[in-house]
Structures are given as structure tokens and as C-alpha cells.
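Here are a few notes to read alongside the model. Have a look at the fold first, then work through the points in order.

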Amino acid sequence: MAEEILKKIPAEKQWAIASKTFTTTATAMSMMYGDVVGPEKNKEILIALWGGGGKSSYPRMKEAFNIPVDDAIGVATLGSVTSKVSMGPELESELVEAAPERAVVRVTKCPWWERYKEFGITEGAICDASHTANATEGVKAVNPKITFKMTKALPRGDPYCELVYESK
């Protein structure tokens, strides 16, 4: 019976539902951890978890989609693909600067920030720290000559998240 229902739902819609469910569950778990261990320990745990995730997901996506990561453009492209695959169609981003030595991605709609707002978390959101750890470790795993930093973030009150990939 479940298969019959699922056959009626287009793959794009299934993906959107699955990714929103993932970001909702992970946000709820993050809140729960914070209640149990306190905000500072929670931040430490999330940075470790997301950093470890980046170490494994970036190489997997690089191989799955055969994305070259020889320069900042390639690594930024990989970061965008990895993010979109994990966050789903709700993520809106664009490459706004593209040069071999420096590439910049602007995220104008982030599923994580949307979940935080749905849960009423607008002060003290730590999604930017988690995502910085994820991307930093992921970038190191595929090209240690490129660095990553998040220079703007929606939870900090900026109009978008700005992700900068640069050659060392």
C-alpha cells in the first residue's frame, strides 16, 4: 500500500519532503541537546558532528558527480552541490564571484535558518557555526590548498549567508 501511495508522489516532491523532514528533525535534536548539556557544550557537539559529516560527504559528492576541485571555483561548486543534495530544493544560492583563486557563494534562503525560525530560535542560533565546521572540514578533505569561511550569516542578521572559498 505504501508503494502505491509513493508512486503517485513525484520524485522532486519526495525529495523536498525528505529534506525538510531531515532539517526539522536535526533542528529539534539540536534544541534537545542544548536543553540537556547547555548551550556551550551543545555548540561543541554540533561543530564536531557537522565537521565529521563534511569530512565524509564532500569526498563522496566529489566522486559521485565527478566534480574537479583543483581551484576555488571547483570547491565552491562542490560545496553548493553537497548543500543542495542534503538540504533539498528549499535551498537558494548562487555563485556570485568565480575566479580560480577566490569564489563566493551567496545563500539567500536556507532550510536550516527556516527551521530555526519555525522553532522560534532567532537569538543564539548556531547553525552558522555548524555549517562552517562542515564546510571547513569538507574543503580540507578534498583540497587542503583551499580555505573556507562564512563572512555573513542569516542568523547574525545579515540579508544572506556569504561563503568564501580561497586559495591559501
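1. A word on terms before we start: contact means heavy atoms within 4.5 Å. Helices (H or I, at least four residues) and strands (E, at least two) are DSSP runs, numbered from the N terminus. Buried means under 20% relative accessible area, exposed over 50%, and partly exposed in between, with a 1.4 Å probe and protein chains only.

2. Keep in mind that this is a predicted model, where local features need pLDDT of at least 70 and side-chain atom pairs count only at pLDDT 80 or more, while totals for chains, interfaces and linings use all residues. Residues are numbered from 1 along each chain as its sequence is written, and side-chain values use heavy atoms, leaving out hydrogens and water.

3. Start with helix H3, residues 39-65. Its 27 residues reach 37 Å from first C-alpha to last, close to the 39 Å expected at 1.5 Å a residue; that expected span is 1.5 Å times one less than the number of residues.

4. Which residues of H3 are buried? They are Asn 42, Leu 46, Gly 51, Gly 54, Ser 57, Tyr 58 and Met 61. Their cover includes helices H2 (11-37), H4 (72-87) and H6 (127-142), along with strand E4 (161-167). As background, an α-helix has 3.6 residues a turn, so residues three or four places apart point the same way.

5. Now step off the end of H3. Asn 66 comes just after the helix, in the loop between H3 and H4. Asn 66 has a positive phi of about 50° although it is not a glycine. Is Asn 66 buried or exposed? Asn 66 is exposed, at 67% relative accessible area.

6. Of its 34 residues, Leu 163 and Tyr 165 touch the most other members. At least two residues each come from H3, H4, strand E2 (102-109), helix H5 (111-118), H6, strand E3 (146-152) and E4. H4 gives the largest share of this core, five residues.

7. Finally, two spots elsewhere. Val 36 lies in helix H2 and is exposed, with a relative accessible area of 67%. Lys 7 sits in helix H1 (residues 2-7) and is exposed too, at 63%. Between Lys 7 and Glu 101 there are 46 Å in space, C-alpha to C-alpha, and the two are 94 residues apart in sequence.

Notes
Core = buried A, V, L, I, M, F, W, Y, C linked by side-chain atoms within 4.5 Å.
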